[in-house]
Structure formats: C-alpha cells, structure tokens
Amino acid sequence: MPGLGASFGRGGATNYLEDLANSDCIVIEGSNMAECHPVGFQWVSEAKARGAKIVHIDPRFTRTSAIADLHVPLRMGTDIAFLGGLIKYVLDNELYFKDYVVAYTNAAALVSEDFVDTEDFDGLFSGFDPEKSQYDETSWSYDPGEQDSATEHPGEAASQEDEEDSPEVQASDRGQTHGSGGPTIPSKPHRDETLQHPRTVFQVLKRHFARYTPEMVSEVCGIEPEVFEQVAQWVTANSNRDRTTAWVYSVGWTQHSVGAQYIRTCSILQLLLGNIGRPGGGIMALRGHASIQGSTDVPTLFNLLPGYLPMPHAAQHSSLEEYVADAAGKAGFWGNKRAYMTSLLKAWWGDAATAENDFAFDYIPKINGDHSSYRTIADMIEGKVSGYFLVGENPSVGHPNGRMNRFGLANLDWLVVRDLQMIESATFWQQGPEHETGELAPETIGTEVFFMPAATHVEKEGTFTQTQRVLQWRHKAVEPPNDARSDLWFYYHLGRILRERLKDSTDPRDRPLLDLTWDYPVHGETQDPDAAAVLREINGVGPDGRALSSYLEMKDDGSTSGGCWIYCGVYADEVNQAARRKPAKEMGVAGSEWGWAWPLNRRMLYNRASADPEGRPWSERKAYVWWDEEAGEWTGKDVPDFEKTKRPDYVPPEGARAQDALAGTDPFVMQGDGKGWLYAPAGLVDGPLPTHYEPVESVVENALYSIQANPTVERIPGPWNRENPSRSEVFPFQVTTYRLTEHHTAGGMSRTLPYLSELQPEFFVEVSPELARLRGLSNGEYATLVSSRTAIEAKVLVTERMRPIRLRGGQVVHQIGMPYHWSYAGISTGDSANDLLGIALDSNTHIQEDKVSTADIVPGRRPRGPELLEFVESYRRRAGVESGRVGVNGRDPVDADAGEGSRL
Amino acid sequence: MTSISSVSAAFTGRDRGNRLYGPVPDVTEQSGYAEEHPKRVGFFTDTSVCIGCKACEVACKEWNTLPMDDSHGVKDALGLSGMSYDNTGQLGANSWRHVAFIEQSRAVDLPMPTFGRPGDDRHDHGTSVAGSGDLNSTATAQASVLNAEALTEFDPQTGQTGADKQVRWLMSSDVCKHCTHAGCLDVCPTGALFRTEFGTVVVQGDICNGCGYCVAACPYGVIDQRKDDGRVFKCTMCYDRLTDGLMPACATACPTQSIQFGDLDELQERADARLATLKAQGVETARLYGRDEDDGVGGDGAFFLLLDEPEVYGLPPDPIVTTRDLPAMWRAAGKAALMMVGVAATAILGSRRGAR
C-alpha cells in the first residue's frame, strides 16, 4: 500500500473499524462496504444511528448507497478529479485545520528548485524519460535543509542512488516497500512555518490543484456542482477540533492504473482536514479478504521480506552492509533496519547465521527484475518458469485476462494447486474454455498438475491479520476431512522431506535449505506443526531465550531473533497475545485486549496527532491520547503510537539518529521527517502529487491535460493481452467489475455451496435502461460483451441503479457493471467476467486496472468454438488492434521456440 | 413445563370470550400454558437499516437444513429471477426468510437544495447533467427490474440523490409473522401446528398429514407445502434454539441489527422509539407493520418497520385472520341449519296437512 505508506509511513489502515462509530461523517469511496464488508459495516450503521452523515461515492448505486444519506454517482475512474476538487475547495476557503497542518504535515517544507509540476509541463512532472516511460525522481526531493546526517557513508549512498536508476532495479519496484516505514529521504528539509514561500509544499499544492474547480469536477466526473458542494460542506463542517470525518476505501481504489495516487489524494485531503491519528477520522483501507493484510505483513509478494523489509536486489545488495546503507543514520524508526534484518536472519538460520558470515545474508535469494504476478504469467507463456504453487488463488477466474492466465499455466512443467475445491485453475487443462476454441488441448499441455486438498479456516489453527492490523488467533474447531491438511502442515513436511533428501549434499547451494531452523514441534495423528511455535518465532526471542516484547529490543549483533519485526510483541511475556478474547464491555474503547495489533498493540496509528503540539487533546469530545505532565508520559485510551516518555517539547539534538532524531511534535514516527506527507518527495514512481489521468481504457478525453493516461503505466504486451484503444467507437462502453455479498471472490468458496449459489445463481451484468434501449437488451435475457481479449455472455439486469453520465460536451458515457465470481465449475456457473479484461498495471504496486475497462455489448449469446475467435478478431480489426491469434497453448507461433527451460 | 396446547386458543376454554379476533393480552396463557410461562418473544425487523446481505436467509437454511430452491420455490433448482438481487422470490416451504429488494426511481427537477461556497452568493445549479431528451425520461424506460409501481415521495434520509433522478433501493427480510390469531393454527385438524410456550407458532413435521388447510388459512401466504413430500413448513423462530437459550439463527447472523429478537413487549417499545426517531429526522413514510394489536390478526409476533406502503414490499395492507368470521359463520350456518330444519319441518307438516 504505497499510497498510505508514502503519506504516513505505514501501509495500513490508520484507524480501526469500531472507531468508525465515532465519526461525524463517513465517506465511502472506492468501496462497496455494505456488500463486501457487511460485518464491519455495522460500525457505519452505528455512526449513522448516532447522527453521522454517510456519503457513498461510486459509479454504481449499490447496497451501500441504499442506506447512505447521499450517493454520488461519479464516472468510473475520476476519483482524483473529485478529491482534487475537494482539496482545492478546502484550500480556497481556508477550511484546513491550520494548527494541525503546520505542526504535523510537511506543508512548511521547501521543495527542490528543480521540481516542475504537471501544471507547467502539461500533465508530466519533471524527470520523465519517454523511452523508458519512467521518472527520475531526483528533482522531486525536498530542498535540503541542514545537512544533519546525510548518511555516514555518503559515497555508498550515492552509488546506491545510481543503481536505483537502472531499469532492473526500477522494475523490481521500490514503491511497495513502505508498508511499515516511509520512503527514505536524504535529510530533513528547509521549512517556512508561515507557508508563504512559493516553494513550500503548501504553495506547490495550491498551484497543483488550481485546475480542479467545481466546474471541472463536474465536467470530468459527470456530477452536478450542487452534489459536489453538498459533499464538500458535509466533509468540511465535520472536520475540525471537535469533529472528525473518516474515509473508507477498498479495491475500488487500488485496482486502477493510478490506484496508489487515488489513495494519495485522499491522504492529502485528510491531512489538510486534520483527520489523521484522531478518533472517528482516518483512512480505513478495507482489505479484500481474510488476512490480506497478513499476507503483505509476512508477505507473499516477490519484492518484500517480512515487516516490509525490501527484498535484496542482485545488482544492489551484495552484503548486509549495502542492504542497510540507505537507512543508516536516518531519522525515524527505519534507522534500526539493521537490527530488524539481523533478527530476521537469526530467526531463519539460527546458529548458522553469524557475524562472520554476514548473518547468512547471502542465503536470501536476490531479485533481479520484475517478478510480479502478471509478469510471471507472461514469463510462463514464454517458457521461463518451470513450476508454480497456487495456494488459495484461482487465477483462471480471479485474475484479469483469464485466457492469458490459462496459457501461462499450460506452459509449466508442474503446478501444485492447494484448495478446498477442484477449482478451474486445476482443471483448465481439461475443461477450460480454450478447448472449445481449439487453443488448448490436453494432449499438447505438458503441465503436470498436483491437486492437494486444503484444510479450511475452521480446520486449522493460526492467526488472521485483518483489515485493521489486528492478529486474531483461530482455534481448530474440527479435524480436516480425509487428506485435507493445513498449509502449515504442507510446507513444514515439504521442507522436512526436501531436507532429508539433501542431508548428505555438499553442494553449497543447498546450505540455505539445510541450515534453516526447521524444528517445530508436531502433534496429533497427522503430525501437524504447532502454529503457536511459529508465531513465537515470528515474535522473536532475546538473548535470555525469552520472547521479546517490543521491536525496540531487537539488536543488530545477532543476539536477538524475530521473523517479522512489526509483529514483535505478539508473544510478549510468553503469552499468545493474539488469542486474547476479553469481552468488549470489560475493556476500553480501543479494545486493546482483543487479539493483538501491530505495531505494539497500537489500535490507532499516529495517535500522537490526536493531541495538539503541546500534548493536550484538540477537544474534549475528540480526546484520545495526551501528554500527562505529572506522570511524564503519554497516556489515553490507546497505546500511544509514540515513544511513551518523549516530551511534546523535545527537540532532537545535533546528530541524533533513528527515533531520537524525531521531535516531540512529529507524530508520523515512521517518516524520515516525522511529518504526514502532503507532497511525497520519494516513495512513488509516478509523481509526488496526484494528477487526474484517464484510465488506460477510457471512452473520454482527459479534460485536464493532453496526457491521456498515466505515463508510467506498466503494460505486458502480447497477442494474449491486447489493449482496447481509448475513445474507440468499437469499444464504446465503460465496464467495471465487482463482487456480490452472496459470493466469494473467484467463487472457489461459494459456487459449490447450494445456499450461496441459489442467492446469485448465474453470471449477470447490470446496465441502465438507456443502454438497454440503445443496444436492444432485455432484462433477464442474454447479452454478449466483447473486448480485444475475448467475448463472454451474461444474463442482463436492466436497472435504474446504473446510470449513463452526460458530460458537458454532450458526450454520454454508458457504464456496465459486471460481477466476476463465475466460471464453468460448481453449481452456479457462467462465463468468467475477468476473461474480458486486459492487464495494465499501476507501476507502483503492479496492481491491475480491474475497475475500469471498455467493451461493446450486443444482445444474444456469444458464438461458440472457433467462430468465437473470428468474432473477436473482427472486432480487433475494426478497432485497429493487432491480431490476438496465438499458436499452440497460447504461444505466439513466431516466438514459439524463443523460450527456454520448459518444453513446448 | 406445562402441557403444550395443540389447539387454537379459541378452544382451550381459557379464552372466555372464545375470541378469534382482537387483542389478546397473553396469548401463551390463553393457549393453555401455566401462568409462569416464558414471556412472548418475537422479531422486530427494522428495514431502514437492512443492507440486503441475506445472512439471515443463509443462517436459517443452515440451521434448519432446508433445501436449495429457486425464486418460484422449486426445490433443488437454480435460476436468475431477473428481479433485482432477489433470487429467493418468496417465503415458502424451503425459504423461511426472504429478503425483498425493491428498486424505485423518479426523475427530479431540482436535485438538491443549492449550496453556495462560503462567502459566495452563487445559487445557480449549473448545467443539468441530465439535459433533456430520451436519456432523461424514466417514463419511457424499458422494462427493468424496477418492481415497485407505487413511488411515494422519498424521504430525506432514504432518498439518494444523484443528479437527474433519485433512486431508492428498499430491502426487507420477511418471515412468518407468528400472529396472535394464527389462522394456520386455528384450522389445523391434526394438532401439527401449535403455540409454543414462547408464544410462537410451530409446525410439527411428524404430525402434519399434509391436508393443506393452513396454506389457505394464512393471510400472509407464508406457510407452504413441499410438493414432493406433502407436508407444510415454515419458520419456527428456531424453537429448538429458544429452548436452549439461544437466539434464532437469523437474528444472530444479522450484522446491522435489522433483525432484532427479544421479548415482544420490549421490542414494541424499541420499535416505537425508532419510529419516533425517524419521524423526527423527517422520514415521513416510516411506519410500523404488524405492531398494532387491533389489526386483523391481533398483532404480529414478528413485526416490521417499513419505509413505504406494505404492498410495495409484497405484504398485505390489511391482513385479517381467516378464521375471524368463524363464529359468525357458525352462527349463520346454525341459523341456516335451523331454517333448513324449519323449512323441512314446515314442508313435512305442510305435506301432512296437504295430505289430509
């Protein structure tokens, strides 16, 4: 979550769900919370019952809109314009929380003289390289202030910066490494506390958002100026010392080619309004499903290690010293990176990790480029990948461009699928839709598929880390049936067997595997490893053999271990803190004894900001954490997200390092300057400020700049991933995808269940009566949707809840809604919505633009068999798109022998 | 535990008025339970906070192991109904909770009160996005899932304003009403239907003989026969859970407290307060349904807060227990019988007289 990470220092929701009940106004934007997070939605209901205003901003009128006070139907993909308009409204009318902004944000910081804004460069920032479609971010930096601690190894840092410019390093992406710890900056900036200097962030901001007038918002988003005014009034009237507004988003923001910048825009607005770190305020990032937060904390991402430590890069990090060089001497908690990394290495390799061998730093595999999910699919098709594990993932249905994904899976040597059901990604070789078209045939596919039945969440023990960073221990309720086993069981025994096979090996490359600490106690008939022992290892252990209670205890000398520094404390006092279950009535508002939240059980992040610079609550009504002069410490309703005894008037002495370099008025403790970032001098690859670009596939011309779409967007070109040209008459309608309450993501957990399947029994699309009339579609009948990828069919629901947007110039934008749960397996079936979509990615996150694409829609069912290929090809020809014909198993016939490794 | 009455309150002898109609202060006691019986329980379904998640439907089916069915109640069948997000269709033998989805829309001329920016006297509303012409006309809109014919005046709290038109999406979880005067129970010839000690109405599957009288007797069309089986089924308010001190499955699963379970008198108080709050917020169309003990069924054990006319939700506006007129009918039948006897007697006597 680089949007939040670059703004505040940590890539997690700033507040907790229950805290929404304290909000005076809640804006849900980029989320269909009532449908996709119905249980958490009770706190929105609670807030509404207490009199809060609920606003839902979404292209579709959903079950969330149904109980909001106001639904704002903006055009798909225009949230930056809307939020940018709000920022301008707040700045123009001086409705920002001035004391907060001056003290806690980087509004007063001076930006480098070299920085050129999009306003003066027609939609581009300074530093753009059109050949590589990448920015050199040097000119975006702060105007360097006092050279306090430019680093202890200036030479090294400089060479590191050079290397960061190399395309391989850029591609491996630094954007995502700010989950816990903001981007590193060379030094603290010059400041002008009056905010008047033209190069202050505040003045830069004013100029940057000057174009985002209510009229422009109206034109771009397709909403009435009065509706914009209403939202602006409610939000600003409920954002001050006494009142707070919360913003809620989910994948409706992240799944865009400018997704990280959507979140940045919201961060800027919420900082200006003084809503971060305060009860009832904040930005609530709702995660897509169970433990997604957990799977970025202890990551399943190619470029991260646990606790958001970046994955070492082959060209950059040949030693631990080089790896931690960027953090050495830095202000903020990232200054202790070496201790976190050393403890991680000790947790993994134990006694084999010594000071002499650089704590086994060399054992960690290094990345050498982009190995993100979709790039890897393309690599599979090109024969560069031999094996693949799919664990709780159904790419054939859940990833955009299912056809391309199936081609990838068809070009492996082996594939392991661990799932509850025989999902489409395990049966594609036999039953996938490409058999009908002749593009795939079992006899030509070399992939050997191993299906391993998995235990469900009630059949195994362990933790979930949910949307608000709380780890909750799950006890095993029943034994898994038959051969079904937990993932922990699978990986533990897989590792055990591999180690046994290799135990006599003398090959140095087997050392990392053989030296692993792999000694978890097992129990029961099935020899299940003890999940609590794993959690304790993640927590970390001190020199006395006792569990650590805080990451501040971690040392860089190898005397401590810990598998994920931000989780340190979850096993404090040798107690599984995640298993705590104190009833709500018996504890305070923050629920501090239910489970355990990272970091250090702080439920609300940056909560130092709930008090004024002197440490007093901004108001009685919004009191949360404050300075107790008598006791000499921070106290309140939550664990302070601040050093407990650091006085509010603390000023760092010359040469201070890490947390000691942050002042008593710096609430954003993971940031190098301790401030919330209105302007991000580092951390994002597509700009220090958000700018409205149209989606990659849009039917509308960018009204703000001549640059149509995000110039840094990441593409994966190939015959299997053609792009619909923008503003094409052949693909005249916008499409968005989403989920329904009744089904679970790619359907593996719901399409096989009768009680869920009967509630949403078939794949359908939602269209407005106007579009239905335009294209002759009838409610309850079939329609065919076509893109440059393929064509799919769906039943039609004609509904007033979808509405066409009429823009100023008279252009009418029709929008189609398309839930994505279906495919051919299970009780409830249909074509797969994701087959229609292409893959274009946000360059910060490698997240696909699922939420906006284009297509055509016509009545009736789609052609069958090879006729389908010709049907889609005819659309490509008309739209001037290159052919999408592929060779055997999706390989381009021309490049068929270009691959290496895998057999064809 | 007292003996369970398997007959209608009208026939226990405890109801001296032998009433089949009107308010009954203690329906449980009247049904033959001893005075220390549990309080009457019920559901208050507040549709103004329903988010249509259908957790109630799923929890009900899970707990009661009901079969899958389609929107016509056909067992083990699937199919898109085309009626908004409602693929359950109706209450029936296989669906004891049913969430209705009602889409309403109307065109508006002045979408919003206008707001000027502070220090700005702007009160125009700019160019209408809706413009004019065919796009603006909902009257000519193609047949859609819009399934509420009667569009009442929307309320400020519940009418979401876009630009050119207001859209409202009502959701309501329907269930057996557990009437004070339960027609189904009154007509059941086998005693399969009975009033529980909690004041609820339950069918005993092992006694039901499938006669189907109750199906016609229910003023709400709730109780329903399973075709392949012949017996009737409906909500039991989770009688088995109640006897174990648990809440019904649906109320337990509801994330927004739209379905509230509890003692009926307490729920009624809560509902009155909620209605007053909504009225104070300007939600003029809010109303309680099934709350009034003077209605045609003596008030419901499961009652509702609605945001529109009951018909909009598929509920009868003025339900009357089908056995209300039974005494009158018996009296009429008695009179008729007497008259028949009289006529016959007269005829016989007359004929004798004639024969003379």
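Visitor: At what angle do helix H17 and helix H19 of chain A pack?
Guide: Helix H17 (residues 373–381) of chain A packs on helix H19 (residues 402–409) of chain A at about 55°, and their axes are 7 Å apart. H17(A) is therefore oblique to H19(A); angles under 35 degrees count as roughly parallel, over 145 as roughly antiparallel, 65 to 115 as roughly perpendicular and the rest as oblique. Axes here are lines fitted to C-alpha atoms, for helices over the stretch in contact, with angles from 0 to 180 degrees between N-to-C directions. Helices (H or I, at least four residues) and strands (E, at least two) are DSSP runs, numbered from the N terminus.

Visitor: Before we go on, what kind of model is this?
Guide: This is a predicted model, in which local features need pLDDT of at least 70 and side-chain atom pairs count only at pLDDT 80 or more, while totals for chains, interfaces and linings use all residues. Residues are numbered from 1 along each chain as its sequence is written, and chains are lettered from A and ligands numbered from 1 in the order in which they are written.

Visitor: Thanks! Back to that pair: is the crossing of H17(A) and H19(A) left-handed or right-handed?
Guide: The crossing of H17(A) and H19(A) is left-handed, a term used if the near helix is turned anticlockwise from the far one by less than a right angle, with right-handed for clockwise.

Visitor: Which residues of H17(A) and H19(A) make the contact?
Guide: From H17(A) come A:Ile377, A:Met380 and A:Ile381, and from H19(A) A:Met404, A:Asn405, A:Phe407 and A:Gly408. Five of the residues in this contact are nonpolar, two polar and no residue is charged. Contact needs C-beta atoms, placed from the backbone, within 7 Å. Ala, Val, Leu, Ile, Met, Phe, Trp, Tyr, Cys and Pro count as nonpolar, Asp, Glu, Lys and Arg as charged, and the others, Gly among them, as polar.

Visitor: Now H10(A). How do the axes of H5 and H10(A) cross?
Guide: The axes of helix H5 (residues 79–92) of chain A and H10(A) come within 9 Å, crossing at roughly 165°. So H5(A) is roughly antiparallel to H10(A). Their crossing is left-handed. A:Ala81, A:Phe82 and A:Gly85 of H5(A) meet A:Pro214, A:Met216, A:Val217, A:Val220 and A:Cys221 of H10(A). By class, that contact has seven nonpolar, one polar and no charged residues.

Visitor: And what about H10 with H11 of chain A?
Guide: Helix H10 (residues 214–221) of chain A and helix H11 (residues 225–237) of chain A have axes that come within 9 Å and cross at roughly 115°. This crossing is right-handed. A:Pro214, A:Glu215, A:Val217 and A:Ser218 of H10(A) meet A:Pro225, A:Phe228 and A:Glu229 of H11(A). The contact has four nonpolar, one polar and two charged residues.

Visitor: Zooming out, how many helices and strands has chain A?
Guide: Chain A has 27 helices and 29 strands, and its C-alpha trace spans about 80 × 75 × 55 Å along its principal axes.

Methods. Contact = placed C-beta atoms within 7 Å.
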